[in-house]
Amino acid sequence: MKSGALVTGFAVLGLVTSLVGLSVLGAAEPEEDVVEPVGLVTELSPGQIPPEYVTWIEQAGGLCPEVSAPLVAAQIEAESGWDPTAVSHANAQGLSQFIPGTWATWGVDAAGKDGSAEPDGVADPFTPGDAIMTQARYDCYLADTIRDMGIEGDLTRLMLAGYNAGPGAVQQYNGVPSIPETQGYVTKIISLMSKFTGNSGGGGGGGDDETAVDDDSFGGRVVAGAKKWLGTPYSWGGGGPEGPGRGFAQGANTVGFDCSSLVQNAVYHASGGATLLPRVSQVQVTVGEPVSREDIRPGDVVGFQLGSSYDHIGIYIGQGQFIHAPKTGDVVKISNLDEPYYAGKPQQIRRFG
C-alpha cells in the first residue's frame, strides 16, 4: 500500500500497455477549432455486475465525464472481486479497497448498511454504496488534478495511474509511471472495461445500410465494433480500447476518438481483447498482414499517407467505403475510398485476423 494512494489487491500482470508517445496521433488535417465537450455515453453490459450494485455504479458513472460506469465496475472487480468485506494485507478495505487515511479524507455517506439509498450518518468503506460513490468522487478529483498538471497523454490512463500510485507519481514521471505494478494496474482496468461495456455505442448508430456486415468473422466484428461509434465526436489524442476519451491539445475539451484510437478500439474488441494495436497510425500500418487493394475485405485497416508519414487510418467496410474519425470538429463517419482527397494518397492495407 502506498501512502496517500489506493493500491490494488491483484497480482502484477506481466503485460504492460504499449504506451507509445502521443506527440503524433495520426490526425488528418489538425484544426484549431474545438467542439464542445460531451460526456461518456457508455452503458453497462447486462449480467456482468451483481444486481445490487448496478444502480450505484450507474450513478457513480455520471459524476464527471472521465468516469464511466464500466470504468467504475472494472476497478471494483480488480480491487476486491466484488467482495464488500475484503481487507488487504495493507488494510485496504471494502469493494474499492480504500486505506483508512484516504477514506478519512474522501469517504462519503451515500447509503445505508442495509443497502438502502438513504444515508445512515456514517461513511463506511464496507458499505457498498458509500464505497462506490467515494471511488468515483476520488477518480474525478484525480482527473481534474492531473489535467491541471498539463501532462500530455490519455487522461483515463493517467487517472488510473494516479489511483494506483498517487497523482504525485504521475507528475514526477510526467505520465504513467514506469512502475510495473502501476502499469499492470492501468492495463488491467482498460482490459476489464470491455467486459462491462454495453453495445449501445456513443454515437448516432449506423442504421440499416448496404455496407453492414452481419457475419461473425473477425472482419465482420471489426466493422460492427467501429460502426457502433458512428456520430461520436473526433478528439485528437482521445479514446482507446476502453471507449471514447478526452484528448489533449485541440482535443482537450472533447470526449471521443481520433482515427487511430477508433481502429485500436474496434480491433481490440473484435479479438476479445487479444490484440491491442499500437496507439498511433504510423505504427499501426507496420503491423498485421499486408493486403493488396485487390484483396481487400471488410475489417481490413487502411492507412493513408497524407504527408511524409501515414497520418490517417480507417476501417474498410465494403463496397469501396471505410469508417473513420476524420478531424477536429467532425465525427466518426463513413467515407469512400474513391473520394479525390483519399484516392490520390498512398495507402497501406493491413489485416489482423
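Cys 259 counts as buried, with a relative accessibility of 1%.

Mentor: Keep in mind that this is a predicted model. Let's start with the cysteines.

Trainee: Okay, how many disulfides does the count come to here?

Mentor: A pair of cysteine sulfur atoms within 2.5 Å is called a disulfide. By that rule there is one disulfide. Cys 64 and Cys 140 are joined, S to S 2.1 Å.

Trainee: Which parts does that pair tie together?

Mentor: Cys 64 sits in the loop between α1 (51-60) and α2, while Cys 140 belongs to helix α4 (residues 128-148), so the link ties together parts 76 residues apart in sequence.

Trainee: Is the disulfide of Cys 64 and Cys 140 left-handed or right-handed?

Mentor: Look at the torsion about the S-S bond: for Cys 64 and Cys 140 it is about -95°, so the disulfide is left-handed.

Trainee: And are Cys 64 and Cys 140 buried or exposed?

Mentor: Both Cys 64 and Cys 140 are buried.

Trainee: Where do I find Asn 91 and Asn 174?

Mentor: Asn 91 is in the loop between α2 (69-80) and α3 (100-106). For Asn 174, go to the loop between α6 (167-173) and α7 (180-196).

Trainee: How do I read the accessibility of Asn 91 and Asn 174?

Mentor: Exposed means over 50%. Asn 174 is at 54% relative accessibility, so Asn 174 counts as exposed. Asn 91 has a relative accessible area of 34%, so Asn 91 is partly exposed.

How values were computed: Residues numbered from 1 in each chain as written. Predicted model: local features only at pLDDT ≥ 70, side-chain atom pairs only at ≥ 80, totals over all residues. Heavy atoms only, no water. Helix = DSSP H or I, 4+ residues; strand = E, 2+ residues; numbered from the N terminus. Buried < 20%, exposed > 50% of the residue type's maximum accessible area, 1.4 Å probe, protein only.
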